[in-house]
Amino acid sequence: MVRFALTIVRHGETRYNKDKILQGQGVDEPLSATGFRQADAAGVFLSNVKFTHVFSSDLLRAKQTASTIIGKNKFCKDIVIQYDARLRERKYGIAEGRPLSDLKAMAKAAGEQCPSFTPSGGETLDEVRARAKNFFEFLCQLSIEEECQKEQAVLGMAGNGLETLEGKPIFPLRNHCCGLELNSDTDKDTKMLNPNILVVSHGAYMRNWFGYFVLDLKCTLPSALKKSQLSSVSPNTGVSHFIINLGNGDVIKPEISCICLNRDDHLADVNTENL
């Protein structure tokens, strides 16, 4: 059985986020001062998590957030962050660099709802979801291959008196989440998950990715999660955590449990005057 943990974090705030201007892929803004404070807070929040892999969008705001989070981590300071274009924000075409109100006006003129409207030169929601699906299946395949390597290593050590390879108790986030229904057996299994993957990405992209989890893969959700939260964009540096069970190596239809979605408890002490 192949099981792994997946933590997904939205990048910190940029000047364009604050001013409600669309960045998409064509505007590569750095984090604002507030964005760096948010990334610091997320890093402290996740500082005890022993990540085995870190992936980030190759856009600057995500790269800076991932670097800041890992810089605060007690176990992962030397880990190599892997940048992947599949994690980029949704492409908004002619609307990039323009106020969100302009996109809403374009959608209204076309007789469509804003979230599903595709401006000229932009990506459709289906195209964004296809990118997310492709990247997620890559993570599943990566986990399967590493499990095979681990099993081979264990077989190679048989009879030599060495301990078998095993994941470490690596994820304390459940202590920060409400509405969890984990029994002692589930808790024990969760602590042994390996790989433990961190991904840093973008708001609209993440909303589509989570939609794929829920609608296509029938992800199990926390009982306290409100339906409205599923369609909401994550706050800057919002943290979501999932447990993925691939069963007999089934990449197409894995079992997914959402432990928490878009949590922002770590931002309580960030200076709200600049949010």
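Predicted model: local features only at pLDDT ≥ 70, side-chain atom pairs only at ≥ 80, totals over all residues.
Helices and strands here are DSSP runs, numbered from the N terminus.

The UniProt record, an unreviewed entry, places the feature "active site" at His 11 and Glu 89. These residues are spread over 79 residues of sequence, yet they cluster in space, with a largest C-alpha distance of 10.5 Å. His 11 and Glu 89 are both included in the lining of the largest pocket.

Glu 89 is found in the loop between β3 (81–83) and α4 (100–109). Buried means under 20% relative accessible area, so Glu 89, at 9%, counts as buried.

The next topic is the aromatic rings. A pair of aromatic rings is described by the distance of the centres and the angle of the planes. The count for this model comes to 11 aromatic pairs. In one of them, the ring centres of Phe 55 and Phe 138 are 5.7 Å apart and the planes stand at 85°; planes over 60 degrees apart count as edge-to-face, so this pair is edge-to-face. Phe 55 lies in strand β2 (residues 53–56) and Phe 138 in helix α5 (residues 125–157), so the pair ties together parts that are 83 residues apart in sequence. Phe 55 is buried, at 2% relative accessibility, whereas Phe 138 is partly exposed, at 29%.

Another pair is formed by Phe 136 and Phe 213. Their ring centres are 4.9 Å apart and their planes are at 70°, so this pair is edge-to-face too. Phe 136 is in helix α5 and Phe 213 in helix α7 (residues 203–216), and the pair links these distant parts of the chain, 77 residues apart. Phe 136 has a relative accessibility of 0% and counts as buried; Phe 213 is likewise buried, with a relative accessible area of 0%.

Arg 86 lies over the face of Phe 138, at 4.7 Å from the ring centre. Lys 63 lies over the face of Tyr 83, at 4.9 Å from the ring centre.

Note on methods: Residues numbered from 1 in each chain as written. Heavy atoms only, no water. UniProt positions renumbered as here; feature names shortened; annotations may be inferred. 1 Å grid on protein atoms, 1.4 Å probe; cavity = no way out; pocket = protein on both sides within 12 Å on 5 of 7 lines; lining within 4 Å. Helix = DSSP H or I, 4+ residues; strand = E, 2+ residues; numbered from the N terminus. Buried < 20%, exposed > 50% of the residue type's maximum accessible area, 1.4 Å probe, protein only. Phe/Tyr/Trp six-rings, centres within 6.5 Å; stacked < 30°, edge-to-face > 60°. Lys NZ or Arg CZ within 6 Å of the ring centre and 35° of its normal.
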